[in-house]
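Dear colleague,

Please find the structure below for your records. My notes on selected features follow it.

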Amino acid sequence: AGISAAILPVLPLEESGPWCEAADAEGIETIMLAAPTAPDERLPRVAARCRGFVYSVGLLGVTGERESLAETATALAARLKQITDTPVLVGVGVSNAEQAYQATRVADGVIQGASLVRRLMDSGPDAVGDYVAEVRAAGLRYLEIPVAGADSINLANAGALHAALAPAHGGGVLVHCASGN
């Protein structure tokens, strides 16, 4: 157990030095966010600072489910893939298996939170396991499941979620919990 990585969405690259030095010294991967509005000259610096993967932000706006994948999601992932060998994962606005497949025609994987939490709350852990299996069958290499808001997941269904995901994911699935507070 312990901390293996940290996503710090409000930490600007220009101010990340002290955190990154301490994290690197402790073996904690720092995941930086690359925004769709980032100029081309900034992206190599963001990618070089990333450990583990590059978080390619799919669109400007709040997280949540969308009817379709934003064009900016695949455009930014393509820009990043041209400049780094670090895995690129698209997050924000990836809502279903079809969108995950679409994103991974360019990116290495996706980050899905809202759609998975909705499935968990509506239908339980087995529905999430079935969904992860469906996404994996589409050829996904990496799937990150950020579970924000400790109120939405209790210890009982967190254990059931883990059990449901174990046979479904076949590796490459990262589940992390983050408190919104």
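In helix H6 (residues 125-137), Asp126, Asp130 and Ala137 are exposed, on the other side from the buried residues Pro125, Val128, Gly129, Tyr131, Val132 and Val135. Buried means under 20% relative accessible area, exposed over 50%, and partly exposed in between (1.4 Å probe, protein chains only). Viewed down the axis of H6, the buried residues fall within an arc of 165°, so they line one face of the helix; the arc is that of the directions from the helix axis to the C-beta atoms.

This is a predicted model: local features need pLDDT of at least 70, side-chain atom pairs count only at pLDDT 80 or more, and totals for chains, interfaces and linings use all residues. Residues are numbered from 1 along each chain as its sequence is written, and side-chain values use heavy atoms, with hydrogens and water left out. Helices (H or I, at least four residues) and strands (E, at least two) are DSSP runs, numbered from the N terminus.

H6 also meets helix H5 (residues 114-123). In contact terms (heavy atoms within 4.5 Å), Leu116, Arg119, Leu120 and Ser123 of H5 face Pro125, Ala127, Val128, Tyr131 and Val132 of H6.

Elsewhere, Arg49 belongs to helix H2 (residues 43-49). Arg49 is buried, with a relative accessible area of 15%. Leaving aside residues up to four places away in sequence, Arg49 touches Leu13, Ser16, Cys20, Asp24, Thr30 and Met32.

Yours sincerely

Technical notes. Axes are lines fitted to C-alpha atoms, for helices over the stretch in contact, and angles run from 0 to 180 degrees between N-to-C directions.
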